[in-house]
Amino acid sequence: MRTTPSTTEHGRRIEESRIATVAQLEAIIGRTPAMVKMKELAELDDACRHMLSLAPLAGFGYRDDDGRPRTTLVGGKPGFAEVESPTRIVLASDADASGAVSFVFLLPGVGETLRVNGSVAGRSPGRIVVTVSQAYIHCARAILRSRLWDPVVPAASVSAVADGPLSGAGVAGFLGATPFLVVSSWDRDGGSDTSPRGDTPGFVRVIDGHRLAIPDRRGNKRADTSRNLLADDRISMAMLVPGRTGVLHVSGTAVLTDDANLLADMALGGAVPQTALIVTVERAELRHNQAVAAANLWDRANRADAATLSELMASTIGQLGAKTPVLRRPARALAVFSRLARRIMDATYRRALEKEGYGAATGSLPGRPVRVIDVIRETPDAVTLVFSGADTGFAPGQFYTLLVEIDGRLVRRAYSATSVPGTDRLALTVKRDGLCSTYLNDHARIGAEMRVLGPSGTFRVTDPSATGAEYVLIGAGSGITPLMSIIRTVLAASPDATITLLYGNRTEADIIFAGDLAALRDAHPGRFTLHHVLSRPGPGWSGRTGRIGPGHLNHSERAHYYICGPAAMPAGVRDCLTGLGVAPDRLHEERFTSVPTAAPELSARTMTVGNTGDVVVAAGQTMLDAGLAAGVPMPYSCTVGSCGECRIKLLRGEVRGTVEEGGVLTCVSYPLTDTIVAIESAEHR
């Protein structure tokens, strides 16, 4: 999150470029199209009622009893706003709201929002009655830009904030992570509007301890907030970070600007915002929001299904037909094919966002983009994916973290490189074992785009070209993957290094790289010795049998031993070699651990991390995935419980997974209760 270096000069430029009239605004953004106005209704129709019955949360803008602007999030469950009549709704809230109020109702998994404007008709403890004066269903690009329902929210870098409302605890970090907010404003007649805004994380820029800048990108030209601010400069906002239950409440005053330097600094993919809001902040407060916590917005089980999406599309199309007679017949025809219309509209919005510079994932995903250029079936349960575009400056033995989107959820899993470093292609070999590896084995195709982090890991040969080196490699199952890179690299880089591989599997069919290993043995006689060990040999097998143990191991004072395999295999082999007299500095160990599956009885819990507020950990989600999705700077590397980099301190609560001396490995742990944790510095982990 960048701050503007010279606030005095910045203030002068903003004042000089301030937009003060409707004519100036429309000269920049254009007039509101008649089609947009056609959506407005004076009361709640069937489509609006349907949205209200499904929506579990709404942004709520109001003025309190002292006339101060306020915005918050209300709700907690679908249908929380009860419809008493076409012009009257009732909702549970303790807000001291009076006069004009406005809402934007949100439905998980849906880009459309329901906007409702009205006034307070009655108020009692915990209950507000609202008279509706305007309602319309509106497709909010803000939700699509922010990827609100697919939380992948790496925080922008956060600079120190000088004294002022924005210097409060947790405020700067939250601003760096938020991709979404709702903003409330008021028109000349006192009417209220609450609109959504969304963008890449860190889009809300800090100018100084008192001021924010928010870009206004191209949209449908309604510009309700901008028009209102020309008449009344009071403003309030509620900001969300997907996955967190805290909400940042901001209020103050705002002006519009088209300052060229500021807008250029906010450009995305070459697209410059039309205008920007400069908010002078009077109040900024981060606090837990019970409605957000109860709504459990980011649990995929709570998303609208395909049938609901089609119903909403049909209802929206029907609204146009009911309001405009000339559109009635085409609207009826489109409503019949609502699913097709939904797909066409979604594709149109995706293309529009890509032109704006957001790409398929708004440019906010971590890692490096790569493309699958080859898929090699090694065994029925193992596949090698060959990628272009990766950083191949790894040491043989290291791994990469592959980021794969599965059913809308970003999954991170570590896979060892099996190719030679320094080439234009990276090979990762994946054995079927768990959600991600199964998906890759069944669905990975040439041309698929993914992302990688890395290389990572201390299990490596630092100088594969060393002359006269001797290596003994011991692997089982998928433990061959880092060893394969070592074999290929050392044989190619060193003229006389020798390698002995002891490789254990259940059956011959399970041997990964069987053909490649045999070819390397034949190509390098005397330098590469290969021994297969099968625990379930078939008829005619003449090689070694059983599990790798003392009977298969020998001591060499010159050799470096590299051991890799699942579960307890590396520890058992290490103990055997230590007993044979192998020095500890010649033992190198990598352990592959399967990510545990969440027990079906687990339910959503909250995880409090420092001053970030509560993070929602959905049922079946690891503590690491929940933290990363919520923009928390969680430490991690392998994501399978092997490296220990994701260890944080468990201060309170219980988890299912790995807990060691008060520390929890978040990549393989699920909370059984609400938890409080602390991220320690690297030297203390």
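Helices (H or I, at least four residues) and strands (E, at least two) are, throughout this talk, DSSP runs numbered from the N terminus. What we have here is a predicted model, in which local features need pLDDT of at least 70 and side-chain atom pairs count only at pLDDT 80 or more, while totals for chains, interfaces and linings use all residues. Residues are numbered from 1 along each chain as its sequence is written, and side-chain values use heavy atoms, with hydrogens and water left out.

Let me begin with the backbone. Strand β21, covering residues 449-456, contains Pro 455, and the peptide bond that joins Gly 454 to Pro 455 is cis, with omega at about 15°.

Two further residues deserve a look for their phi angles. Arg 147, which is not a glycine, has a positive phi of about 55°, and it lies in the loop between α5 (141-146) and α6 (171-177). Is Arg 147 buried or exposed? Arg 147 is buried, at a relative accessible area of 11%, where buried means under 20% relative accessible area, exposed over 50%, and partly exposed in between, with a 1.4 Å probe and protein chains only. Phe 513, also a residue other than glycine, has a positive phi near 65°; Phe 513 sits in the loop between β23 (498-505) and α15 (514-523), and is buried, with a relative accessible area of 2%.

Now to the interior. A nonpolar core is a set of buried Ala, Val, Leu, Ile, Met, Phe, Trp, Tyr and Cys residues joined through side-chain atoms within 4.5 Å. The largest such core has 31 residues, and those touching the most other members are Leu 166, Leu 175, Leu 212, Met 239 and Val 279. Elements that each supply at least two residues of this core include α2 (22-29), β9 (180-186) and β15 (275-288), and the largest share, 5 residues, comes from α6. There is also a second, separate core of 30 residues, with Val 74, Ile 128, Ala 135 and Ala 304 among them.

Finally, let us turn to a sheet. Six strands form an open sheet in the order β29-β28-β35-β30-β33-β32, with mixed pairing, and two strands are said to pair if DSSP finds at least two bridges between them. At the edges stand β29 (614-617) and β32 (659-660), each with a single partner strand, so one side of each is left without a neighbour in the sheet. Strand β28, residues 605-609, pairs with β29 in the antiparallel sense over 4 bridges, and Thr 608 has Asp 614, in β29, as its bridge partner.
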